[in-house]
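Have the 3D view ready as you read.

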Amino acid sequence: MFSFILLSALVLCGCAQYSSDQCSWRGSGLTHEYHTRDVEQVYLRCAEGSLEWLYPTGAIIVNLRPNLPSAEGQLRACVKPRPDSCGARLYVERAGALRLLLTEEDQAAGRVRCFSLQEGALFVEASARRDISRRITAFQYQLISTHTPAGDQPRSHTASCRPCADDELLMAICTSDFAVRGSIHHVEEEEEEDEDQVSVVVSLSHVYRQKSRVFVSGGGGRGRGRWTGRVKMPRRCDPRAGQGEFLFTGAVRFGEAWLRCAPLYKDFIRVYHAALDEGTNPCHIHTD
C-alpha cells in the first residue's frame with residue numbers, strides 16, 4: 001500500500017504552531033483559505049497525544065520531538081485515526097519525499113499504522129475538494145521504544161507467531177504493559193477493522209501486571225480471582241479455545257491489549273525456575 005511521491009507543489013510556511021500542552025494540537029484549515037498550497041509546521045513533544053484538523057486545506061507537517069531519553073532512531077510512532085476522520089491523507093515525509101501511510105479509506109476502516117521517527121515527520125495533506133465543510137482529520141498517536149519487548153511489535157500493528165526466546169520471555173514478564181495468566185475463552189466472530197488481526201476474549205486466573213485496566217476482575221484480590229478481557233493478535237496464529245493455559249504478555253496501544261509473547265504457562269514456569277536456579281531472572285513474580 002506504500003507509494004513514494006515528491007513534495008514539490010506545496011509551499012512551506014514559515015509559521016510554526018505549538019499546542020498549549022505540547023501533546024495535542026487542534027487547528028483549522030480556514031487559515032489556508034486563500035493559500036491552499038501552504039504547509040504549516042506543528043511540533044508535538046509528548047509520548048502520546050492527538051491531532052484534530054478542522055476544514056483541512058493545504059498541508060501540515062507534524063514533527064514528533066518527544067522529551068524522552070531514547071534517541072529518535074529508537075522510537076516508532078503509531079497513528080490511530082478517529083472513526084470520522086476524513087479530508088486528508090497521511091504520509092511519512094523526509095527531505096521532500098513522501099511515503100503514503102494512511103488513505104482516507106484506511107482511516108474510515110480504523111487502520112493503525114506505524115513508522116520509525118528516523119524515517120521522517122508525519123505529513124498530513126488535505127484532499128483536493130471545493131467543499132471542505134463537515135470535514136475533520138483527527139487521530140491519536142503513541143510513541144513506542146523499540147528497545148522494549150513490546151516495542152518491536154507494532155510496525156504495522158502486527159507480529160509474527162514465532163516463539164519468544166527465553167531471555168525475551170523473562171524480560172517480557174518484567175517490562176511488558178501487561179502480563180497475565182489464563183486461557184482463550186473464544187475468538188470474536190464479528191468483522192474486524194483489520195483483517196490481519198483477531199480479537200480474542202481471554203479468561204484469566206492471575207494478573208501479574210497491567211498498564212491500564214484492559215482486564216477487569218470478577219472478584220478476588222491481589223491479582224487472584226477471575227479476570228476477563230480482550231487481546232489483539234495476528235490471525236495467522238490461529239487462536240482457538242481449548243489450547244491450554246498461557247502466559248499472555250504484550251503492549252497496550254490506544255486502550256487495547258496487543259499480544260507479544262504467549263508461551264504455554266508450563267513452558268514459562270520451566271524457563272522461570274531455571275533462571276531462578278541460575279540467578280539470572282530479571283525480576284520476581286509469585287507463581288503459586
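Arg 82 is partly exposed, with a relative accessible area of 30%. Please keep in mind that this model is predicted. Which two residues does the side chain of Arg 82 meet in salt bridges? One is Glu 52, and another is Asp 84. Glu 52 sits in strand E5 (residues 48–54) while Arg 82 belongs to the loop between strand E7 (75–81) and strand E8 (88–94), so their bridge ties together parts that are 30 residues apart in sequence. Glu 52 counts as buried because its relative accessibility is 18%, under the 20% cut-off. Asp 84, at 43%, counts as partly exposed.

A search of the whole structure finds ten salt bridges.

| Salt bridge | N to O distance |
|---|---|
| Glu 52 and Arg 82 | 2.9 Å |
| Arg 82 and Asp 84 | 2.8 Å |

Elsewhere, salt bridges with shared partners join Arg 26, Glu 52, Arg 82 and Asp 84 into one network.

Now look at strand E4 (residues 38–44), where seven of seven residues are buried. Asp 38, Glu 40, Val 42 and Leu 44 point one way, and Val 39, Gln 41 and Tyr 43 point the other way. E4 runs parallel to strand E6 (residues 59–64), joined by six bridges, and Val 42 stands opposite Val 62 in E6.

Definitions and conventions. Residues numbered from 1 in each chain as written. Predicted model: local features only at pLDDT ≥ 70, side-chain atom pairs only at ≥ 80, totals over all residues. Heavy atoms only, no water. Buried < 20%, exposed > 50% of the residue type's maximum accessible area, 1.4 Å probe, protein only. Helix = DSSP H or I, 4+ residues; strand = E, 2+ residues; numbered from the N terminus. Pairing = 2+ DSSP bridges. Salt bridge = Lys/Arg side-chain N within 4 Å of Asp/Glu carboxyl O.
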